[in-house]
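Morning, everyone. Please look at the slide while I talk.

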Amino acid sequence: MIRHIVFFSARRKEDVEAVRKGLLALAKIPHSCIFEVSLNTKVDPLSDAIDVVVYAEFEDDAALAAYKAHPLYAETTSQVKPLRELRYSADVVAT
């Protein structure tokens, strides 16, 4: 199982919701077992730079690769990229 976690910050505060809504489109891609897009609660003052978190689980590397190769992934990236400042991604093998 691969856990795919991506952190985003918006360039402007007023774009946070547009980033979140744009990323929700990725849920239509069929290769994930779990797919969530959430706003950061910013309870921890050291994590206030992050606005939106994508969390997904994939059965294996092939499913993650198929997700990233899907046309909707490229379309969503082109819509969200101009609105974001930071993007940090991690793919972790679940133990």
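Contact here means heavy atoms within 4.5 Å. This is a predicted model, where local features need pLDDT of at least 70, side-chain atom pairs count only at pLDDT 80 or more, and totals for chains, interfaces and linings use all residues. Residues are numbered from 1 along each chain as its sequence is written, and side-chain values use heavy atoms, with hydrogens and water left out.

Start with Arg-84. This residue sits in strand β4, residues 84-93. Strands are DSSP runs of E, at least two residues, and helices are runs of H or I, at least four, numbered from the N terminus. What does Arg-84 touch? Leaving out residues up to four places away in sequence, Arg-84 touches Phe-8, Ser-9, Ala-10 and Arg-11.

Now helix α1, residues 16-24. Its buried residues are Val-16, Val-19, Arg-20, Gly-22 and Leu-23. They lie on the same side of α1, because they cover an arc of only 165° around the axis. Buried means under 20% relative accessible area, with a 1.4 Å probe and protein chains only. The arc is taken from the directions from the helix axis to the C-beta atoms. Those buried residues pack against β1 (2-10), β2 (34-39), β3 (52-58) and α3 (71-80).

Last, the lining of the largest pocket. A pocket is an open set of points on a 1 Å grid where a 1.4 Å probe fits, with protein on both sides within 12 Å along at least five of seven lines; lining residues have an atom within 4 Å of a point. The largest share of this lining, four residues, comes from α3.

Terms used. Buried means under 20% relative accessible area, exposed over 50%, partly exposed in between (1.4 Å probe, protein chains only).
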